[in-house]
Amino acid sequence: AKALYELEVGHKTLRTQLPRFHINTAKEISAKHLSKKGLVLLYPLRYLMLVRKIQKILTAELEKRFPGRVVLLIAQRKVTKRPQDVYARQKVRRSMTRTAVDEGILTDLLFPADAVAKRWRFRPDGSKVLKVYLDSRDKKKAEARLAVAGQVYKKLVHRTISFGFMWNPKLQQVAHK
């Protein structure tokens, strides 16, 4: 909170945007085999479009303030319990299902980069791994963050994930930001 306030007061680009923004929770996630720690900032879902506008600048500034940590901004989403009644099941919004929430968290973790493809890999022991392929043009931006993003996704969603990059330019996305 202190770092956000300092950015709000001192940074000329973020000065106009940050007064409307607040954070619900900040968690530090570390893994034994990773050299960097992850700093996860959860913010209300209603600020999603505001954060997308300033996320690159905000993440870069917060990573300067917290060296050795990868800062990840994630919108806090809610999963509704699946009702037993068939007719009530039809009324559950798609955005509040577990699948949609998990996809939203993954999108938030990878934000500057785009996920081009997703595949479920079933191992011989019966476990499942989600393999996410990213656009190879985003390799420089995203590669350093992927190990931490995978650990954060596993802690939040309880699913194993691995990342790769598309090598075939015909399979890459045409529209690129």
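Reader: Is K155 buried, partly exposed or exposed in this model?
Author: In this predicted model, K155 lies in helix α6. Buried would require under 20% relative accessible area and exposed over 50%, with partly exposed in between. The relative accessible area of K155 is 48%, so K155 counts as partly exposed.

Reader: Where is H158 found, and is H158 buried or exposed?
Author: H158 is found in the loop between α6 (146–157) and β6 (161–165). Phi of H158 has a positive value, near 65°, in a residue other than glycine. Because the cut-off for exposed is over 50% and the relative accessible area of H158 is 65%, H158 is exposed.

Reader: How many helices and strands does the protein have, and in what order do they run?
Author: The protein has six helices and six strands. Read from the N terminus on, the elements run α-β-β-α-β-α-α-β-β-α-α-β.

Reader: How many positive and negative side chains does the protein have, and how far apart do the centres of the two sets lie?
Author: The protein exposes about 11,400 Å², of which carbon and sulfur atoms supply 54%. Its charged side chains comprise 40 positive and 14 negative ones, and the centres of these two sets lie apart by 3 Å.

Technical notes:
Residues numbered from 1 in each chain as written. Predicted model: local features only at pLDDT ≥ 70, side-chain atom pairs only at ≥ 80, totals over all residues. Heavy atoms only, no water. Helix = DSSP H or I, 4+ residues; strand = E, 2+ residues; numbered from the N terminus. Buried < 20%, exposed > 50% of the residue type's maximum accessible area, 1.4 Å probe, protein only. Areas by Shrake-Rupley, 256 points an atom, 1.4 Å probe, with all protein chains shown as cover. Lys, Arg positive; Asp, Glu negative; His and termini not counted. Charge placed at Lys NZ, Arg CZ, Asp CG, Glu CD.
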